[in-house]
Amino acid sequence: MSAIGMLPLEGGAPEVAQVPSPVRGRDRVRDTPYPERPDPSPQPSPERERGPGASEAGEAGYNFAYLDEGTKRMIRRAILKAIAVPGYQVPFASREMPMPYGWGTGGVQVTAAILGRSDVLKVIDQGADDTTNAVSIRRFFARTSGVATTTRTTEATIIQTRHRIPETPLREGQTLVYQVPIPEPLRFLEPRETETRQLHALAEYGAMHVKLYEDISRHGHIATTYAYPVEVAGRYVMDPSPTPKFDNPKMDQSPALQLFGAGRERRIYAVPPYTSVRSLDFEDHPFRIQEFTDPCALCGAEGVYLDEMLLDDAGRRMFVCSDTDHCEGRRADGHVGTGDAV
Amino acid sequence: MLAPGFADPVHDAQGTFRAVMDALARPGLLQRLDAGLEPPTPLTPELAAIALALTDADTPVWLDAGLAAAPEVAAYLRFHTGAPLTDDPARAAFALIRDPARCPPLARFAQGTPAYPDTSTTLVFAHDAITSGEGLNLAGPGINGMTRIALTPLPDSFVAQRAENRAGFPLGVDLILAAPGLVAGLPRSTAVTES
């Protein structure tokens, strides 16, 4: 049997949701750490769903939430220091995870270290609960820990995210865990880690302002649209991970704890609740977020981040909410967009 | 007979860590900490829970005079955590302090380095009581405006020591404040002033 035949390439969301993310670039799904298993409710349900094996510790043969206790202790100590020095990148002994670097191993390790039995986990990938990376990480924790999962921002206690902050305002007691590819905001300006560490130690961030200034001299405005550098609590300059700069204002004085995990780069950093997060800018070129001319075509929401969806080969497209939970919630409440393509 | 450790090592350690994490993320806010431990005196259940949850062979632990004088405490910690005990506060990753009133100056503990400020000591105080809404004023990251906390007992010249600790930011020690059934946090980022 052809292995590729097991991949429902055209199957629509429910089947695609079962394809674990680490198979990209591999031709044998059988080798993945997620053996195929029947899923009673493949469509992410708006109701709280419990993972298989939810009654007790989860997958047999694994510790709760996959990582061993020694690794969790090491990560937990790093998290505590990260919280104590907001925006500073704490080195940690990142482990190999059953998914490749670049698929969220840093965020997964942070989530595994903080997760408890009473937590309710939500995972988003570019704002969506039903894309491959989000589905496979949610199922990973449902299987290895048995915790309840949800797609609803308001029900979640821990939200692991790849590159968006939910539109629904977060509240006290929630923790947002970011998956971070390159934690060092100065890396593309100075490739040597020994040097960037010195620059952070001296709070020497002139090069970052020069980069933003070069944007202005070249384009007439600051052209950085994602991974837009921020200054945390008046001290460290931090990479907010490749979130659109649209989300930067949500980080400032957020009631939720924000933790950042970079698996390949072996760094953890944090922004405690109620902490100032300022996007770098100039007096005559103040920080501005993206603006969209039309509301979401599905739910009519304004002031939210929109994704461009291609509809056909003729290039017709539609702009819809990137945050699927927010969009579904609004449509359930009776909000309707124009449904128009542009 | 050696006193037992966590009844449920995985989930008790996780619960203890989450209480400490929330405490440091929201300085001055009291978090419940009920670990169900009965460690040898003078070690308190809260100190023991935090030590069991966070220390291991990678973290030298310093004990204050009262704890160091009780060999059962060292035996308990060595058995359950495997952490090496150190006499030098400047080498300690964690310091357990049973009597905060007689704690050595905060400056004697590891302060971290400018490139690696995370290498500083985390001090765990066992207070008789912690109450919120009165006492010292706290402000800084994790605090919505200002909050207040009262510690009994209070270490000597605590506010001046904390001011010195804060002035060295990002260097400096972080404090975990435990009391019966409770834990609070005072990370180095918090500014402490007399009310």
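Reader: What is counted as a salt bridge here, and how many does a search of the whole structure find over all chains?
Author: A salt bridge is a side-chain nitrogen of Lys or Arg within 4 Å of a carboxyl oxygen of Asp or Glu. The model searched is a predicted one. Over all chains, the search of the whole structure finds 25 salt bridges.

Reader: Which residues are linked with A:R164 in a network of salt bridges?
Author: The side chain of A:R164 meets that of A:E167 in a salt bridge, at 2.9 Å from N to O. A:R164 is buried, because its relative accessible area is 1%, and A:E167 is buried at 12%. The network of salt bridges links A:R164 with A:E167, A:D247 and A:K250.

Reader: How much area do chain A and chain B bury between them?
Author: The size of an interface is often given as the accessible area lost when the parts come together. The contact involves 38 residues of chain A and 40 residues of chain B. A:R77, A:L80 and A:K81 supply 22% of the area that chain A buries against chain B, more than any other three residues. Of the area buried between the two chains, 63% is on carbon and sulfur atoms, and the total is about 3,100 Å².

Reader: Which element gives the largest share of the side of chain A that touches chain B?
Author: Between chain A and chain B there are 17 residue pairs in polar contact, both residues at pLDDT 80 or more. The elements of chain A that give two or more residues to this side are α2 (69-84), β2, α3, α5 (193-201) and β9 (257-262). On the side of chain A that touches chain B, 22 residues are nonpolar, five polar and eleven charged. The largest share, eleven residues, comes from α2(A).

Reader: Why does the pair of A:E172 and B:R26 join two chains?
Author: The side chains of A:E172 and B:R26 meet in a salt bridge at 3.3 Å, N to O. A:E172 lies in the loop between β5 (158-162) and β6 (175-179) of chain A, and B:R26 in the loop between α1 (9-25) and β1 (31-32) of chain B, so the pair joins two chains. A:E172 is partly exposed at 40%, whereas B:R26 counts as buried at 15%. The count of salt bridges between chain A and chain B is six.

Reader: With which side chain does the side chain of A:S94 make a polar contact?
Author: A:S94 lies in the loop between β2 (90-91) and α3 (105-114) of chain A. A:S94 counts as buried because its relative accessibility is 9%. Leaving aside neighbours within four places in sequence, A:S94 is in contact with A:Y101, A:Q109, A:G263 and A:R266. The polar contact, at 3.0 Å, is with the side chain of A:Q109.

Reader: What is the omega of the cis peptide bond that joins B:F169 and B:P170?
Author: Most residues other than glycine have a negative phi, and most peptide bonds are trans. B:P170 is found in the loop between α5 and β8 (174-179) of chain B. The bond joining B:F169 and B:P170 is cis, with omega about 10°.

Methods
Residues numbered from 1 in each chain as written. Chains lettered and ligands numbered in written order. Predicted model: local features only at pLDDT ≥ 70, side-chain atom pairs only at ≥ 80, totals over all residues. Heavy atoms only, no water. Helix = DSSP H or I, 4+ residues; strand = E, 2+ residues; numbered from the N terminus. Buried < 20%, exposed > 50% of the residue type's maximum accessible area, 1.4 Å probe, protein only. Polar contact = N/O pair within 3.5 Å; in protein donor to acceptor, adjacent residues only side chain to side chain. Contact = heavy atoms within 4.5 Å. Buried area = accessible area lost by both parts, 1.4 Å probe. Nonpolar A, V, L, I, M, F, W, Y, C, P; charged D, E, K, R; others polar.
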